[in-house]
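Please examine the sequence and the structure shown here.

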Amino acid sequence: MAHNNHNFQLPDHFIELFRNGNFVDPDEDAAIQSNQLNANDDTTVAWVFGYGSLCWFPGFDFSKCITGYIRGYSRRFWQGNTTHRGTEEKPGRVATLIEDKEGITWGCAYKISGNTALEYLKQRECTLGGYATIETKFYPRVASYDTPFSGEAVEVLMYIATPTNVHWLGEDTPQNIATQIVECSGSTGHNVEYLIRLAIFMREEIPDAEDGNLFELEYLVLEELQKRQIPLWSVMGANPERIRRDSHENIRRPPSFEFTSRIVERKLRCLNI
């Protein structure tokens with residue numbers, strides 16, 4: 001079969017990609033080299049994964065925010081909260097992660113520098129929240145040479161509550177959890193706001209992702225508010241500042257494999273044409 005020869009010039013970043021696997025944006029090369037030269041200083045650079053209130057209210061400075069997911073965990077509202085979204089007398093319910101071999105949890109990863117953000121998170125999540133710090137693999141929604149996520153998962157820090165912490169509430173029926181959320185509030189705001197803003201984040205930022213437990217609770221909470229004639233606006237507080245996520249989607253990037261999850265198996269038939 002004859003083929004037509006097309007005379008075209010490959011972009012430089014394509015050439016570099018196939019020559020030596022270089023996924024780094026050439027414009028950022030100097031910055032990367034500078035970071036490597038300063039690797040011996042006291043500056044800490046880390047990625048932190050958020051799957052609860054960190055998705056819409058990080059509370060710290062960051063340089064990038066990337067949406068994506070982790071594997072092996074499912075999000076559940078099994079952790080109690082007696083400061084931000086509840087009190088000692090009426091603890092609220094906030095998200096934690098439970099081990100689930102088939103689980104996928106969507107959220108976002110923040111790139112932070114220095115110890116200020118980490119100290120803030122230690123106070124917010126560990127001291128007040130009862131969470132422990134662990135490391136896991138993060139898979140980006142969109143792979144790009146604008147981030148380190150150009151085809152491989154990377155290590156991120158995340159905060160997770162376990163049954164051994166004093167604030168643990170554990171499993172309950174969705175209806176009971178929803179009722180508890182409607183009845184609780186703390187120094188940061190109403191427990192309903194925590195749930196609804198997380199659902200909004202998922203619906204707006206990752207519309208194709210599945211989280212049946214989260215959206216069932218959202219439905220039950222809204223239904224409970226209606227029964228009690230409580231206006232939604234009265235429990236939502238001020239709108240948080242909009243976060244610019246996945247900024248690399250708007251730049252030119254080489255082709256890469258985008259991570260997917262739970263793809264239905266299909267048999268394909270080859271046809272001779």
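**Histidine 190 and its surroundings**

Histidine 190 touches Arg85, Ile181, Val182, Cys184, Ser185 and Val235, leaving aside residues up to four places away in sequence; contact means heavy atoms within 4.5 Å. This is a predicted model in which local features need pLDDT of at least 70, side-chain atom pairs count only at pLDDT 80 or more, and totals for chains, interfaces and linings use all residues. Residues are numbered from 1 along each chain as its sequence is written, and side-chain values use heavy atoms, with hydrogens and water left out.

Student: Is histidine 190 buried or exposed?

Tutor: Buried means under 20% relative accessible area, exposed over 50%, and partly exposed in between (1.4 Å probe, protein chains only). Histidine 190 has 17% relative accessibility, and therefore it counts as buried.

Student: Which backbone nitrogen does the side chain of histidine 190 reach?

Tutor: A polar contact is a pair of N or O atoms within 3.5 Å; within protein, one must be able to donate a hydrogen and the other to accept it, and residues adjacent in sequence count only if both atoms are side-chain atoms. A polar atom of the histidine 190 side chain lies 3.2 Å from the backbone oxygen of valine 182. At 3.0 Å, the side chain of histidine 190 also reaches the backbone nitrogen of valine 192.

Student: In S3, which residue is the bridge partner of valine 48?

Tutor: Two strands pair if DSSP finds at least two bridges between them. Strand S1 (residues 45-50), with five of its six residues buried, pairs with S3 in the antiparallel sense over six bridges. The S3 partner of valine 48 is tyrosine 110.

Student: What is the mean pLDDT of the chain?

Tutor: pLDDT is the predictor's confidence in each residue, from 0 to 100. Of the residues in the chain, 71% reach 70 or more, and the mean pLDDT is 79.

Student: Over residues 1-42, how many contacts beyond near neighbours in sequence does the model have?

Tutor: The pLDDT of residues 1-42 is below 50. Where pLDDT is low, the predicted coordinates should not be read in detail. Beyond near neighbours in sequence, the number of contacts of residues 1-42 in the model is 24.

Note on methods: Helix = DSSP H or I, 4+ residues; strand = E, 2+ residues; numbered from the N terminus.
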